[in-house]
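Here are some friendly notes for your next look at this model. Please keep the structure open beside you as you read the points.

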Amino acid sequence: MRWQRYVRGSGAGCADLWRAARAASAGQTVVLGAGFDPRTPLALQAYLEACEPPTQVLLIELPEYPEHANTSELAARNLQRVEELAAAASAPLNRVRYPTGADRRSAGLAISRELQQRHIPDDHGVLVDISAIPTHLYFPILGGLLERRDEIQLQVVVAENPLLDSVIEEEGASDPGPISGFAHGLTRETGDQQVRVWCPVLGEGHGSQLTQLHEYLSPDEVCPVLPFPARDPRRADALVVEHRQLLFDTIAVEPTNFVYADERNPFDLYRALTQLRLRYADALAPLGGALVITSVHASKLLSVGALMASWEGESPVVASTPTGYALAESGDLAQIVEDTTLECLWLSGEPYLP
Amino acid sequence: MRAYTNPFRLRASEQQRDNRAFVRNFGAGVLDLLPNEIWDRLFVIRSAPGGGKTSLMRVFTLDSLMTIDARRDDFEPLVTRLTDLGVLDSRGIRTFGVMLRLDRDYRALVDVGAPPEAAVRLFFRLLDARIMAGTIRTALQLRRLRYPADAGRVRFVPEPEGADEASRVGEILGGLTGSGIQSTSHDAEAEIIHLLDALRPVDWESGGSGHNDLHALRLLSLAEIYVDDLPLGMRPLVLLDDGHELAPEQREALLDRLSKRDLRVARWYSERLQALAPSQLMVGSAKGRDYAVLDLEQAARTAARQVHGRRFRFEKLLLEIGNLRAARALERAEEGDNKFSDLLEVDHASRIGDRASEIFSTLNSEIDDIAGGDARYSAWRSEARAAQGFAGAVRIQELAILIARDRRRPMQELFPFALGEDEAARLSSSTLRDAAELFVCNRFRVPYYLGPEILARLGSQNIEQFLSLAGDLFEQILGLITLGKKPDLSATQQDRILRSASDAFWKQIPERVPNGRDVQTLALAIARLGAEETYRPTAPYAPGVTGTAITMSDRDRLLDDRLRKAIPGGERLYDALASAIAFNVISADLDVSVKADQYMVLYLNRLLLPRFMLPLGRGGFREKPVELLAQWLRDARTELDLAQSPLEMGR
């Protein structure tokens, strides 16, 4: 396992990781998404306060949702703030346009390929802030950068705020399929068919998405992942109750199939999923092996663990890609944002050299 | 305590793996909807999500047919219909379906950077690979051989008159042997999927040159399938599901190829019904001559028709499906012979419970107020005073509506005469009685949504919806059985469960439906309009209004990119309406004639109606200009309103 030992930092500890990566690189690129999420400028601001200015800041333009006036205003404000920060640090700000295409799911792969072709030099440190980037985009972006693991110091930062996560609502999530770059043979039809094992990483909400994905995959086995340990020790129980009908009436999950992973440590989830994949591969080898398919319905921090496991194991990740996002009415947003913690994961480069 | 499983919760995907469960629960009556011309030309099936198009196709796949053929006695209704269709005969299976889903990878080919024509050629190449691989797999399965290991035992033998053409297309597909074709198909798929999924930049030309036609269909039209040098003796049926997932240019190119009349292989294609798309399915092709179409919901909503001597009603079919599903669970759990629908029958007299005197007192005093002491209504008022039970309360309300109508009549007699029973009978109607029942239940919070017929009507949008509601009710029944009680659901219980389901359906709209909040706003506006018209004291549109309509010419303006921009809020309305229809929140009936004009009528999904306390009939709508519908979106209510309010009407 590539990340059997790992490097991560939290809060003020992130700065140490950033400085170390900067010291090991010829230059530094910071990648972030220009969206309505109030956390958009936080990681960049913290980075600029702790480190020398990056060589470039890459801003990925994200779709707007004009029917939601509050998100449009927030996106404009975030963009202005990012521009101010970059200007104050004299860091060149380059934009990556959001691709228009026939298939919404292709956008992430198109952005990833463009980043690699045109924007990320070798021997750079690359810090990707996924806080404001949707899952179906940051998976292929990070996956593509991991393909260049021997060339770059890759770090991921996410501004963790569960309360803020709960007020950002996904809309129109009804298009199940593999995340681009992470299909890994899921849709092959001309070869032998393998046993399918689905591992949904459960979180609050997403009931209809889970149902759609289950119908889409028609798995032979389901191993739901629950967050434990967690800050709220009853959170896993609450999730089981919330998804009771799907888990026990519709799917009839075996109680022994539940998998547990630390809510706050994506590397723990990475290990759990990798071990599960290897166990099934070993047990079902005489039957042609197994395809372990993941979907993530929990925090972005935890989802990076699923990304690592899937990228390394070449196993599929599926999602029901939303058509839009909205911010629920939630009181004082500024106050909610104050309770944000930065989490940083170092995925490739210096710590992993043999 | 014994645990029971809810058979309505075994959903599509579970049944995808358990063919016997799928076949057992499939309502054979749906096959009566098939037109005659489904074998010699393209057959298109359209329905809303959950409408049953995939299940209908799946019945014709080999897995389902083998299950049916192996247990003919268990599946007699299906066997009869499939025999009539020529799919089965006394020797066994004569037609086998090869089913492919069009939501896998194809659309993304448009975004690989290839010019449009090249992208379509890649699309055909991938589809050819999968059709051939699927056909070989199915042929091997028929002979209980393994795929891909035994692919070499399959051959495609050209018929004499098409031998040259068959050889030509065979060469493109990898030859005329199963192993050659399987290997070529496998490589083609791998190359194209690599193009779609590689995280590093790739050149689209690495996907190969592509195919300029669907060669698989041509080969299947010109060659017979042999396994171990013996003819299979069965005809293939190519089933292409979810065509709406394709990019427009892909869909157009595919339908153009599928509609060619020189193809002899049977081919069916399904797509989601889109009422906001140009109504012509294919430019340049003639419906009837080049293709046949089945609109599942339209056919189901049409009045009962005689097909092969069998009457067909969709709601009756739904109850049949419900009873079939629940039969085994009830046998095991209850050891009785109650059908699921029987357990939903209630004693209507019990609906008003111990509130009879309060209700009658209120209704009678209202009649006195409306009648205003006029002797014309004295007989009706006497009848009202003598009324009893729930039926009596409804009768009083009905009389109140009749009096209100009579009071507003424009021509007043010089010497008014007393209205008697005959007159009441003449003026009454079943729709008026339905309206009266709704008024009573709404005003006095008496259970309204109950009984098997109401369940079938609530679920009649599509089978998935019906199964979900039936599952909710059955959950309660199982609870009663577990506690050792009689499993009859009371009126109050049923009403509560169905209203909760309605509420849950409403709340899921933003999560499930693109432009969900706008869809909710539109639905809320239609519901408000419906409530205002439904609950007028004279009930002019009995049993009520549950929809709105725009003229077909307004629909045309919405469809036209240029004209739509000229409508303030037109784009937003178009997006919301398209989503609402595509995701079953609103259904659309086209070309409905009213007086001198044609309309697109927009009805709320029946499952939303309990939330707004609206009736379940499908008759009433009020037509509005398209500009007003766009205005409704611009005047959107706050999110708090959308989340909280069932409409308060008549209370």
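1. A residue is called buried when its relative accessible area is under 20%, exposed when over 50%, and partly exposed in between. Please bear in mind that this is a predicted model. With that cut-off, B:Arg125 is buried because its relative accessible area is 14%.

2. What does B:Arg125 pair with? B:Arg125 forms a salt bridge with B:Glu191, and the closest N and O atoms are 3.0 Å apart. B:Arg125 belongs to helix H6 (residues 116–142) of chain B and B:Glu191 to helix H8 (residues 178–197) of chain B, so this pair ties together parts that are 66 residues apart in sequence. B:Glu191 is partly exposed, at a relative accessible area of 31%.

3. Another salt bridge in chain B brings together the side chains of B:Asp229 and B:Arg155, at 3.1 Å from N to O. It links distant parts of the chain, 74 residues apart: B:Arg155 sits in strand S5 (residues 154–158) of chain B, and B:Asp229 in the loop between strand S6 (223–227) and strand S7 (230–231) of chain B. B:Asp229 counts as exposed at 54% relative accessibility, while B:Arg155 is partly exposed with a relative accessible area of 33%. Also in chain B, salt bridges with shared partners join B:Asp213, B:Arg218, B:Asp256, B:Arg257, B:Lys260 and B:Asp262 into one network.

4. A:Asp16 is partly exposed at 48%, and A:Arg19 is partly exposed at 40% relative accessibility. Over all chains, the count comes to 74 salt bridges.

5. On the surface, a patch of positive charge gathers B:Arg20, B:Arg71, B:Arg328 and B:Arg332. One of these residues, B:Arg20, lies in helix H2 (residues 19–25) of chain B. B:Arg20 is partly exposed, with a relative accessible area of 41%.

6. How many disulfides are there over all chains? A search of the whole structure finds zero. A:Cys14 is in no disulfide, and the nearest cysteine sulfur, that of A:Cys344, is 5.1 Å away. A:Cys14 counts as buried, at 0% relative accessibility. A:Cys223 is in no disulfide either, with the nearest cysteine sulfur, that of A:Cys199, 4.9 Å away. A:Cys223 is buried, with a relative accessible area of 2%.

7. Two cis peptide bonds deserve a look. The bond from A:Phe228 to A:Pro229 is cis, with omega near 0 degrees, and A:Pro229 is in the loop between strand S11 (225–227) and helix H8 (235–242) of chain A. B:Ala542 and B:Pro543 are also joined by a cis peptide bond, where omega is about 5 degrees. B:Pro543 is placed in the loop between helix H21 (516–534) and strand S13 (545–551) of chain B.

8. Lastly, some backbone angles to check. A:Glu314 is not a glycine, yet has a positive phi of about 50 degrees. A:Glu314 is found in the loop between helix H11 (300–313) and strand S14 (318–320) of chain A and counts as exposed at 56% relative accessibility. B:Arg445, not a glycine, has a positive phi of about 50 degrees. The loop holding B:Arg445 runs between helix H17 (430–444) and helix H18 (452–458) of chain B, and B:Arg445 counts as exposed at 58% relative accessibility.

Definitions and conventions:
Residues numbered from 1 in each chain as written. Chains lettered and ligands numbered in written order. Predicted model: local features only at pLDDT ≥ 70, side-chain atom pairs only at ≥ 80, totals over all residues. Heavy atoms only, no water. Patch = residues over 30% accessible without salt bridge, like charges linked within 9 Å, V, L, I, M, F, W, Y side chains within 5 Å. Areas by Shrake-Rupley, 256 points an atom, 1.4 Å probe, with all protein chains shown as cover. Salt bridge = Lys/Arg side-chain N within 4 Å of Asp/Glu carboxyl O. Lys, Arg positive; Asp, Glu negative; His and termini not counted. Charge placed at Lys NZ, Arg CZ, Asp CG, Glu CD. Helix = DSSP H or I, 4+ residues; strand = E, 2+ residues; numbered from the N terminus. Buried < 20%, exposed > 50% of the residue type's maximum accessible area, 1.4 Å probe, protein only. Disulfide = S-S within 2.5 Å.
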